[in-house]
Amino acid sequence: QVQLVESGGGSVQAGGSLRLSCAGSGYTNHNYCMAWFRQAPGKEREGVAAIYTGGGSAIYDDSVKGRFTISRDNAKNTLYLQMNSLTPEDTAMYYCAAAIGTCGSWRSHIGMDYWGKGTLVTISS
């Protein structure tokens with residue numbers, strides 16, 4: 001069983017930075033699409049960024065492009081999300097997710113096979 005555990009959330013003032021981590025365990029010998037999603041109160045869960053562990057460019061939602069960076073350390077089975085220039089609109093519960101294979105259709109949360117329980121990010125003005 002793949003298990004994902006997020007960490008690094010917290011409360012930060014607008015303009016600040018946070019780095020989220022997602023530690024994984026139980027992986028088999030496959031490449032995965034690893035992704036970050038977020039869900040704010042009253043809104044649908046949305047894809048933030050995705051990266052394929054087998055290589056290739058990262059994918060970002062337009063709302064975070066240029067501010068967030070997704071990366072991974074395959075040896076440590078850890079996914080990261082570096083978040084800079086944070087605004088109150090970034091306030092949400094952030095989830096990491098994984099699916100076996102490439103990141104086609106990654107924005108559909110239904111397509112993800114494994115989920116963490118989330119870490120809360122709160123940005124104050």
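This is a predicted model: local features need pLDDT of at least 70, side-chain atom pairs count only at pLDDT 80 or more; totals for chains, interfaces and linings use all residues.
**View 1. Ala50 and its bridge partners.** In strand S6, Ile59 is the bridge partner of Ala50. Residues are numbered from 1 along each chain as its sequence is written, and side-chain values use heavy atoms, with hydrogens and water left out.

View 2. Strands here are DSSP runs (E, at least two residues), numbered from the N terminus, and two of them pair if DSSP finds at least two bridges between them. S5 (residues 46-52) has 5 of its 7 residues buried, meaning under 20% relative accessible area with a 1.4 Å probe, protein chains only. S4 (residues 32-39) pairs with S5 over 6 antiparallel bridges. Their hairpin has 6 residues between the strands, and Gly42 in the turn shows a positive phi of about 75 degrees. S5 also pairs with S6 (residues 59-60), antiparallel over 2 bridges. That hairpin has 6 residues between its strands too, with Gly55 in the turn at a positive phi of about 115 degrees.

**View 3. The open four-stranded sheet.** The strand order is S1-S3-S8-S7, with antiparallel pairing. S1 (3-7) and S7 (68-73) sit at the edges with a single partner strand each, so one side of each has no neighbour in the sheet. Inside this sheet, S3 (residues 18-25) and S8 (residues 78-83) run antiparallel, joined by 6 bridges. Zoom in on Cys22, and its bridge partner in S8 is Leu79.

Notes: Buried means under 20% relative accessible area, exposed over 50%, partly exposed in between (1.4 Å probe, protein chains only).
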